[in-house]
Amino acid sequence: MSRLDAKPYANLTPEQQATFDDIVANRPVKPKDDQIGGPFDVWLRSPEMGKRLVGLGGFFRFRSSVERRYIELAILVTGQFWQAQFEW
């Protein structure tokens, strides 16, 4: 049982659908049953926040001067600290 009820794509507002499309276009996720899962479903609850997070993630992934291996290390250390199963 999920703590957050998933909304099908057809039930999203136009702003939420645009954010959904941005996430799918810019992140390595594949929609399953009109859901993208993980933290992304939460991002859709606030389309403005979701758009900003997509942009922030794109900056870190493609335009940052920090080497990719250090970014991955920071992700893993943070995930381990918070005991996030999503990263493993």
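Reader: What covers the buried residues of helix α1?

Author: The cover includes α2 (40-43) and α3 (47-63). Cover is judged by contact, meaning heavy atoms within 4.5 Å. Helices are DSSP runs of H or I with at least four residues, strands are runs of E with at least two, and both are numbered from the N terminus. This is a predicted model, in which local features need pLDDT of at least 70 and side-chain atom pairs count only at pLDDT 80 or more, while totals for chains, interfaces and linings use all residues. Residues are numbered from 1 along each chain as its sequence is written, and side-chain values use heavy atoms, with hydrogens and water left out.

Reader: Which residues of α1 are buried?

Author: A residue is buried under 20% relative accessible area, exposed over 50%, and partly exposed in between (1.4 Å probe, protein chains only). In α1, the buried residues are Q16, T19, F20 and I23. These four lie on the same side of α1, because the arc they cover around the axis is only 105°; the arc is taken from the directions from the helix axis to the C-beta atoms.

Reader: Why do residues three or four places apart in an α-helix point the same way?

Author: An α-helix has 3.6 residues a turn, so residues at that spacing point the same way. In this model, the face of α1 turned away from the buried side carries P14 and A25, which are exposed.

Reader: How many residues does α1 have, and what distance does it reach?

Author: The expected span of a helix is 1.5 Å times one less than its number of residues. Helix α1 runs over residues 14-26 and has 13 residues. From its first C-alpha to its last, α1 reaches 18 Å, close to the expected 18 Å.

Reader: Is F60 buried, exposed or partly exposed?

Author: F60 lies in helix α3, and F60 counts as partly exposed because its relative accessibility is 40%. The C-alpha atoms of F60 and S46 are separated by 21 Å, and these residues stand 14 residues apart along the chain. V66 belongs to the loop between α3 and α4 (68-81); with a relative accessible area of 42%, V66 is partly exposed.

Reader: What pattern does the protein chain follow along the sequence?

Author: The pattern is α-α-α-α, with four helices and zero strands. The C-alpha trace spans about 40 × 30 × 20 Å along its principal axes. Of the 88 residues in the protein chain, 24% are buried. Among contacts with a separation of 6 or more, 48% come from residues 24 or more positions apart.
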